[in-house]
Amino acid sequence: MTELINGKGLSLIPKTDVKQTLKDFKSDQEVRWCPGCGDYAILAAVQSFLPELGLRRENIVFVSGIGCSSRFPYYLNTYGFHSIHGRAPAIATGLATSRPDLSVWVITGDGDALSIGGNHLIHALRRNVNLNILLFNNRIYGLTKGQYSPTSEVGKITKSTPMGSLDKPFNPISLAIGAEATFVARTLDSDRKHLQSVLRQATEHRGTSLVEIYQNCNIFNDNAFEPLKDPELRDDITLKLGHDQPIQSASKAVIRAANGSLNVVDRASVAESDVLIHDAHNPDPSVAFALSRLDEPAFDHVPIGIFRQIDRPAYDVLMADQLKEAEVKQGPGDLGELLLGGDTWRIG
């Protein structure tokens, strides 16, 4: 016996009546990442989170591209697709639009998603396909042994940039908001509580959710995000984003400057009423975009949480409605007629 989950993101997906545990979502494959890799922490968080969804495992699919993170589908006892470099969003789009009874996840990295896969990513975001995209950002190419990536900082010395990278890095959050993504968040590999909280809200969202996860590569870019994990520093530099809550850390606060921009100031220097209140549901993306820029210069202050969470019709729902309308008006489609119709021609 199955029933449907009453949530925006999972409304069409059958629910199981069998109690599930973390063990149900562990595959029989040996997990093979470098010892100490942040991917282990993310995998454990996802495996222990999935039972909360109450979905049948055959109704969950993880699609990955190429990279260290893309081994993810092997380690989950669900359906999975280890696809090709950068194309996971395109493959997942086809799956999500044709099978609304599936919970579709994309696992990707900063190189896979933002280099060869950049075009696929932005179009999945703007279309608002019902997908959950987890973007593991370690600011390096780990699988190919330490070349700089699209998120590596300027001046980064790697095997492919021995004199330092000249490229201005992508900010994945800014990119997603610029593409009009409806759910955009950032979290950390080592903060399981926060990571799982963000995942819960992402799965409840109808449409595309993009979650950037700062992930440590202890072999080729160790301690890249150490200030956010250091017990003596993290509370001062982490700007917590909670809807309808003031944006602040233990010592800093975000205010709107006279010119309209956002500034980070000493929390004790401003009145509580001057601290910006976060509105993740604001349909205007400009403030969310401004928040995404506040990690410059790196790690003086870093917003963590959900930047944007708005309602907009999902692409797969709109497509299904359009197909129904076409069938009512024109009757069932004829593939043969389409292939041999007036828009074909002969060569030779």
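This is a predicted model: local features need pLDDT of at least 70, side-chain atom pairs count only at pLDDT 80 or more; totals for chains, interfaces and linings use all residues.
Is G333 buried or exposed? At 75% relative accessibility, G333 counts as exposed, where buried means under 20% relative accessible area, exposed means over 50% and partly exposed is in between (1.4 Å probe, protein chains only). You'll find G333 in the loop between α10 and α11 (335-339). Helices (H or I, at least four residues) and strands (E, at least two) are DSSP runs, numbered from the N terminus. Between the C-alpha atoms of G333 and L199 there are 39 Å in space, and the two are 134 residues apart in sequence.

Residues are numbered from 1 along each chain as its sequence is written, and side-chain values use heavy atoms, with hydrogens and water left out. As for pLDDT, it is the predictor's confidence in each residue, from 0 to 100. The protein has a mean pLDDT of 93, with 96% of its residues at 70 or more. Over residues 1-8, though, pLDDT stays under 50. For that stretch the model has 22 contacts beyond four places in sequence, a contact being heavy atoms within 4.5 Å.

**Aromatic rings**

A pair of aromatic rings is described by the distance of the centres and the angle of the planes. Rings of Phe, Tyr and Trp (its six-membered ring) pair if their centres lie within 6.5 Å; planes under 30 degrees apart count as stacked, over 60 as edge-to-face and the rest as tilted. By this rule there are nine aromatic pairs. Here are two of them:

| Pair | Centre to centre | Angle of planes | Type |
|---|---|---|---|
| F72 and F136 | 5.6 Å | 90° | edge-to-face |
| Y214 and F225 | 4.2 Å | 10° | stacked |

F72 sits in the loop between β3 (60-64) and β4 (79-82), F136 in strand β6 (residues 132-137), so to speak a link between distant parts of the chain, 64 residues apart. F72 and F136 are both buried. In the other pair, Y214 belongs to strand β8 (residues 209-214) and F225 to the loop between β8 and α7 (226-229), 11 residues apart. Y214 counts as buried at 1% relative accessibility, and F225 counts as buried at 1% as well. There is also an aromatic cluster, formed by W33, Y40, F49, F62, F72, Y75, W105 and F136.

Which residues of helix α2 (residues 88-98) are buried? They are A88, P89, A92, T93, A96 and T97. Seen down the axis of α2, these buried residues fall within an arc of 145°, so they line one face of the helix. The arc is that of the directions from the helix axis to the C-beta atoms. Their cover includes β3, β5 (103-109), α4 (118-127) and α10 (315-330).

Now for α4, where G118, L121, A124 and L125 are the buried residues. They fall within an arc of 135° when you look down the axis of α4, so they line one face of this helix. They pack against α2, α3 (110-116), β6, α5 (172-178) and β8. Just after α4, N128 takes a positive phi of about 65°.

How do the two helices meet? The axes of α2 and α4 are 8 Å apart, and the packing angle is about 35°. Axes are lines fitted to C-alpha atoms, for helices over the stretch in contact, and angles run from 0 to 180 degrees between N-to-C directions. P89, A90 and T93 of α2 make the contact with H120, L121 and A124 of α4. Four of the contact residues are nonpolar, two are polar and none is charged. Here Ala, Val, Leu, Ile, Met, Phe, Trp, Tyr, Cys and Pro count as nonpolar, Asp, Glu, Lys and Arg as charged, and the others, Gly among them, as polar.
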